[in-house]
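Reader: Please show me the sequence and the model. I have a few questions after that.

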Amino acid sequence: MFGNKTAVATLIACAVAATASLPTYAATTFKLSHNQDRTHPVHKSMQFMADEVKKLTDGEVKIRIYPNGQLGTQRESMELMQNGALDMVKSNASEMESFEPAYGAFNIPYIFRDRDHYYRAMEGEVGQKILSTSYDKGFIGLTYYDGGSRSFYANKEINSPADLAGLKIRVQPSPTAVNMIKLMGGSPTPLAYGELYTALQQGVVDGAENNPTALTNSRHGEVAKVYSLDEHTMIPDVLLISSKAWDKLTKEEQEAVKKAADDSMAYHKVLWKEMTDAAVEKAKESMNVKVVQVEKQPFIDAVKPMHDEALKNPAIAEYVKGIDALAK
Ligand code: GCU
């Protein structure tokens with residue numbers, strides 16, 4: 001991970017130089033940064049998207065993917081994109097709240113009844129409006145990638161909000177996530193994802209919350225041995241492109257990029273289910289993580305005020321109402 005912007009700029013310059021010297025030179029090559037490893041379903045789905053972009057544009061548009069946070073954390077990557085040093089970023093709707101408040105609608109705990117409701121919101125008018133709303137801020141969203149449900153992991157069972165008392169719980173850098181943990185009675189600690197393994201290992205935090213791939217792909221199951229399935233949020237990852245990069249494309253190329261992004265979301269839907277089921281098995285069988293079913297109602301009750309407040313917050317009320325209307 002590079003905290004140092006000069007180092008990142010140098011790395012990007014080298015990457016550009018390396019790309020330019022390749023014999024198969026594409027008219028446009030976009031750099032895409034993200035923070036997962038190459039075996040993660042989101043990486044695979046973005047690779048699918050990049051392959052399709054290349055095919056649909058006859059090689060005129062190429063996307064080079066830089067995984068593992070090698071070009072910076074999600075926040076740093078967003079800043080680089082806003083400054084014009086990066087073209088595309090994969091972030092998470094939780095963290096995106098600080099760049100475009102509309103994404104905050106996805107962060108309300110228990111806003112989705114189930115996976116179908118979540119997909120209706122992402123694919124429907126509400127989700128698509130959130131993606132397009134940030135053009136003047138220097139970027140737009142292209143598609144969402146299912147991030148499953150997020151639950152707590154620590155070295156003890158978290159069967160009710162009372163079990164969070166006195167625990168420092170790492171959250172994504174998002175005001176809504178901070179508020180959620182406070183209402184449940186824990187102490188929220190916002191940290192970048194790449195810092196979390198060490199923070200858990202060294203006891204800087206007592207626990208965290210995420211989908212099962214965090215236990216396996218990011219190996220958090222080595223240092224946190226109990227996964228308590230309260231499933232408080234369903235927060236998608238988001239694929240973003242800078243407004244500048246978007247405007248460089250012809251209308252046909254824009255359509256190709258959007259189609260490839262939508263198709264990769266559909267591809268991801270199937271892959272996600274398979275890979276997260278396998279991740280839960282791996283966590284249990286090979287990493288010795290105990291997976292606990294919990295009674296969700298006390299968690300739901302603890303965070304109920306968040307939904308009520310969101311309906312009164314002019315920045316997101318419209319989107320929250322839109323999501324609620326899709327519940328059935
Ligand atoms: C998920 C998501 C990442 C995010 C991470 C986090 O794993 O895919 O984009 O960074 O959660 O909790 O920070």
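**The ligand site**

Reader: How far does a polar side-chain atom of Arg150 lie from an oxygen atom of the ligand?
Author: This is a predicted model: local features need pLDDT of at least 70, side-chain atom pairs need 80 or more, and totals for chains, interfaces and linings use all residues. Numbering starts from 1 along each chain as its sequence is written, and side-chain values use heavy atoms, without hydrogens and water. A polar contact here is a pair of N or O atoms within 3.5 Å. For Arg150 and the ligand oxygen, the distance is 2.8 Å.

Reader: How much of the ligand's area does the protein bury?
Author: A polar side-chain atom of Asn210 lies 3.2 Å from a ligand oxygen. For Gln36, a side-chain N or O atom is 3.0 Å from one. Alone, the ligand exposes 320 Å² (Shrake-Rupley, 1.4 Å probe). Of that, the protein buries 99%.

Reader: How many residues of the shell around the ligand are charged?
Author: The shell (heavy atoms within 4 Å) includes Lys90, Asn92, Arg170 and Asp237. One residue is nonpolar and six are polar. Asp, Glu, Lys and Arg count as charged. The number of charged residues is four.

Note on methods: A polar contact is a pair of N or O atoms within 3.5 Å; within protein, one must be able to donate a hydrogen and the other to accept it, and residues adjacent in sequence count only if both atoms are side-chain atoms.
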